[in-house]
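Please look over the sequence and the structure shown here before reading on. The report after them takes up a few parts of the fold in turn.

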Amino acid sequence: MKKYLAIALALVIALSLVACSAPAGQPAAPAAPADPAQPAQPADPAAPAADASAIKIGVILVHDENSGYDYAHIEGVKAAQAALGIPDSQVIFKYNIPEDETCFDTAIDLAQQGCTIVFSDSYGHQSYMMQAAVEEPDVTFVACTGDTAAFEPVDNVANVFPYTFESRYVSGVVAGLKLKELLDAGTATDPYVGYVGAYPYAEVVSGYTAFFLGIQSIVPEAHMDVQYTNSWYDPTAEAEAANALIARGCVIIGQHADSTGAPSAVQAQLDAGKVAYSVGYNIDMQSAAPTAALTSAQNNWAVLYTATLAKALNGEAIPKDYAAGYSDDAVMISALGASVAAGTAEKVAEVEAAIKAGTLNVFDTSTYTVGGETVTTFLALDTDGDWVGDTGEAISDGIFHESTLRSAPYFGLRIDGITELN
């Protein structure tokens, strides 16, 4: 596996944003997976046995290259092409495809143009991709963020998503070190952090919780408010949310949204004399916030596309769910900004090494409570469409095992210390 992943990583620095995800317990098809307790397994991109020109790829994007999230997917596909020798003539990109019937029509069109595998990059595309899979049984449809593939009555569907919660935690450590520096210097007196979130979905909740736990590993007394924009990509709303959080007293603003709106607003506040710093998502935000940006949590989609496409080239079965994280170089943080606290690089290296070694678990249940109590059980999978988990125990050995029962995040707990403002 490492052979092709190393090639892909050397060819491009793939960026990332949130995938558009759904609430915890999003309804799925009624049929249960054969064994929902089995963790998702990564694909192994062995040397392709088939001529790369024999594969044709369709890519459905909810936005275009102006969105950090979609740009990360575009770069990920291109890196996989380079690693596997797939020419541009064998790839069709479809931009600005909304999460409605347009996606189904686009997926069918790509199949009729000869695509043998079709990817989509937004959770809202998933149901339309599954409909297309029924119509085109000889084409594989992969929803990059999604949670129903294992439940579908057809075999030609799959879900993939990275362990974004791991890079969120590391970016939280960066934020925590800065917060401690501000408190120690008396520049800030309240360990108050803000977070701009797109929607109150499990993917966003998982990410902001991991970010907060990273902060609390440095500043245990930290507390955080989350402001939602109800949009994946709305620069104005994201900027307004950041400004509102700073007005409340937040000194560091994280985000799970797709534009530079929040970092730009934080930079303007810093320039105006406020104590305000930013932790971004998907892309390095230093161009938008040169002194306010501390780092960004990122996904390396090249890893997931390369692994999946190598399987397709080899004629091997593509796993119903594929998730990967730091151990496979599928997640990362961007370059540290000029304003990070002293010693940040060394601490980041230490934390990343611990995550890779398995000695640090992001959702260790001893590090958080819900209603003052330690959580000991959580059913992650909904098999009857009622939006409530009814199978798949996510907690064992004191760890909430995120993205192992399925690739898409399902951590939906609202832990103590975090308040959702809307």
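## Basis of the description

This is a predicted model, in which local features need pLDDT of at least 70 and side-chain atom pairs count only at pLDDT 80 or more, whereas totals for chains, interfaces and linings use all residues. Residues are numbered from 1 along each chain as its sequence is written, and side-chain values use heavy atoms, with hydrogens and water left out.

Six strands form an open sheet in the order 2-1-3-4-5-11, with parallel pairing; strands, like helices, are DSSP runs numbered from the N terminus (strands E, at least two residues; helices H or I, at least four), and two strands pair if DSSP finds at least two bridges between them. Strand 2 (91–94) and strand 11 (321–324) stand at the edges with a single partner strand each, so one side of each is left without a neighbour in the sheet. From one strand to the next the twist averages 20 degrees.

Within this sheet, strand 4 (residues 140–144) is joined to strand 5 (residues 157–162) by four bridges, and cysteine 144 has valine 160 in strand 5 as its bridge partner.

Five of the five residues of strand 9 are buried, so the strand is largely enclosed by the rest of the structure; buried here means under 20% relative accessible area, with a 1.4 Å probe and protein chains only. Both faces are covered, with Tyr277, Val279 and Tyr281 on one side and Ser278 and Gly280 on the other.

## Helix 5 and the cores

The largest nonpolar core has 82 residues, and those with the most contacts inside it include Tyr169, Ile252 and Phe400; such a core is a set of buried Ala, Val, Leu, Ile, Met, Phe, Trp, Tyr and Cys residues joined through side-chain atoms within 4.5 Å. Helix 5 (residues 164–185) gives the most to this core, with nine residues. Apart from it lies another core, of 34 residues, among them Ile57 and Ala324.

Because 17 of its 22 residues are buried, helix 5 is largely enclosed by the rest of the structure. Glycine 186, which follows helix 5, has a positive phi near 80 degrees.

Conventions
Buried < 20%, exposed > 50% of the residue type's maximum accessible area, 1.4 Å probe, protein only. Axes fitted to C-alpha atoms, helices over the stretch in contact; angles between N-to-C directions.
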